[in-house]
Amino acid sequence: MGGSAEANGGGASARVPVPPARPFLDTFRGNLKETFFPDDPFRSVVRERGAGRRTLAALRYFFPFLEWAPAYTLGAFKSDLIAGITIASLAIPQGISYAKLANLPPILGLYSSFVPPLVYALMGSSKDLAVGTVAVASLLIGSMLSSQVSPTENPALYMKLALTATFFAGVFQASLGLLRLGFIVDFLSHATIIGFMGGAATVVILQQLKGMLGLNHFTTATDIVSVMDSVFSQTHQWRWESVVLGCGFLFFLLVTRFISKRRPRLFWISAAAPLTSVILGSVLVYLTHAENHGIQVIGYLKKGLNPPSVTSLQFTPPYMMLALKTGIITGVIALAEGIAVGRSFAMYKNYNIDGNKEMIAIGTMNVVGSLTSCYLTTGPFSRSAVNYNAGCKTAMSNVIMSLAVMLTLLFLTPLFHYTPLVVLSAIIMSAMLGLIDYQGAIHLWHVDKVDFCVCLGAYLGVVFGSVEIGLVVAVAISVLRVLLFVARPRTTVLGNMPNSIIYRRLDQYAEAQTVPGVLVLRIDAPIYFTNASYLRERILRWINEEEERSKENGEMGVQYVVLDMGAIGSIDTSGTSMLDELKKILERRGMQIVLANPGSEIMKKLNSSKVLELIGHEWVFPTVGEAVASCDYVLHSHKPGAVRDSPAAHENMV
């Protein structure tokens, strides 16, 4: 029970103060800061004294290498050197493979592993992120651009659109960071990313059947129905040589991955396996002249560093909108992957990265990359995991990788002439198998069925529709869930814990007891225009149900409705109007509304809208315990049928 006033110590109840009014501009400035600058990113700049010191602090903010470079040691360089060479052995074959996945010349994959890592090393805040091309973004670019422009019939235009899409992606990414809009990426929930990445990985694996089976013609669609139709309608063109070679290298790659997982210290075996496969495959094709027996090879790769591509960007109709759409969609996916990977490894090493700074860094490297013949890059998980396991200390490992790729571009590209495409397909398939997180999906099923539905919707949308459809389905389900949480917030009945003034949920605590004549309700969400009407109806339904229960048990009917407002962070004019209406409805039914634990923003709004005056300040209490104790005191100090006074009329209440 709530207990009498005397039992709780007596004395007058503490009033809930109305916070002093703040100028509108101060309130607006504070809300703006909490929305866009919750981490107070410029505190290190403001603390400095003098223009020179502040300028240097600002430069350190935008170019984090200025923080670690002055204290860089030889020991750290040795670790970064090993890590850089290790990820270069992975970046070279993956770069070539993913460029083919995007229907681009293989040399662009190497270009994209040279310039962007240098830019990120200057501007990135992650010590472990290894920059390069990624399979999902490559697939997106390939599927979206090839839907309107054929990469085989018009390769020059197709490549221009890919570079233009990269430029737009970079501008969009950097703009999100500069405008502090990083929270937009948070709409891609963990469940969404698991389903989307799993679906995209499945689609990528299916697309590699073209290379594994040695097919010359293949569908440009990415859905499983079209791919399977294309595969089984050409059974007469399957080449056993490609199947044997591809399966052999795929088995080799999977075995090395298994060994590295079982023995983390042997991570270099899995990291070196793709480059080893490329070398072995090239030697095998060269010695056996397998290209004359249906084994397709990469062919000629031009030597030299990245040529400028400023004049290749396409800013004129009719294809500019296609490049813009592709850039925005792929840019969001690349950001989500890069930031998620960076935060994961930062957590392992116990340091923080700024998501908005990462957006600026990733966006800048893609803008610069688009001007130097590079297509979309970010921080892939597989390469970053190798970088982390190799013991990298700083972003210098990206510089080492970039230098290794530079040497490859200058001197070693002719050696890739005989690299079989089937080996590249095997490399992609082995990498994609690691992106299908079935254990994560099982965990979602056990923890949250709705999140599992989001994950499954994203997966099925990608696999049976397209990558864009899967993304739209996943985001739509996630947004719908957020809207449902806002529009249909949880309301629960609270009961008194025996021998205390603590109130807890009746559906959770079996020992909690109701207080006769007093209904205590908790609202677990802000009150906005989207849920005000629902909350009014739900509160009235709680009252009706409690009245029926009291009548059946022969107990006192509801006299007071106490609203626990501790979880209500904000309220708008629709919410204050709802409380006003609820007050009038309860008065007509002979009941009194009581507010408990309202926050400062709530009190301001209630006071400004005159709702506080209508309810009565004496019916507002700091805690639920005090509210119920006061109501219980009034109930027991009157005879049945007598007119109730407010708690302020009594001296001995809590």
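In this predicted model, Y418 counts as partly exposed because its relative accessibility is 27%. The structure holds 12 aromatic pairs. One of them joins Y286 and Y418 in an edge-to-face arrangement, with 5.2 Å centre to centre and 70 degrees between the planes. This pair links distant parts of the chain, 132 residues apart: Y286 lies in helix α14 (residues 267–288), and Y418 in the loop between α18 (396–412) and α19 (421–433).

The rings of F345 and Y388 form a pair that is tilted, because their planes stand at 40 degrees, with centres 5.1 Å apart. Here too the pair links distant parts of the chain, with F345 in helix α15 and Y388 in helix α17 (residues 381–389), 43 residues apart. F345 is buried, at a relative accessible area of 4%, whereas Y388 counts as partly exposed at 25%.

Helix α22 (residues 467–487) has 21 residues, so at 1.5 Å a residue it should span 30 Å, which agrees with the 30 Å between its end C-alpha atoms.

On the surface, L56, L59, F62, F63, L122, L178 and L179 form a nonpolar patch with about 620 Å² of accessible area together. Helix α3 (residues 51–62) gives the most to this patch, three residues. F63 is found in the loop between α3 and α4 (65–68) and, at 30% relative accessibility, counts as partly exposed.

Key: Residues numbered from 1 in each chain as written. Predicted model: local features only at pLDDT ≥ 70, side-chain atom pairs only at ≥ 80, totals over all residues. Heavy atoms only, no water. Patch = residues over 30% accessible without salt bridge, like charges linked within 9 Å, V, L, I, M, F, W, Y side chains within 5 Å. Areas by Shrake-Rupley, 256 points an atom, 1.4 Å probe, with all protein chains shown as cover. Salt bridge = Lys/Arg side-chain N within 4 Å of Asp/Glu carboxyl O. Helix = DSSP H or I, 4+ residues; strand = E, 2+ residues; numbered from the N terminus. Buried < 20%, exposed > 50% of the residue type's maximum accessible area, 1.4 Å probe, protein only. Expected span 1.5 Å × (residues − 1). Phe/Tyr/Trp six-rings, centres within 6.5 Å; stacked < 30°, edge-to-face > 60°.
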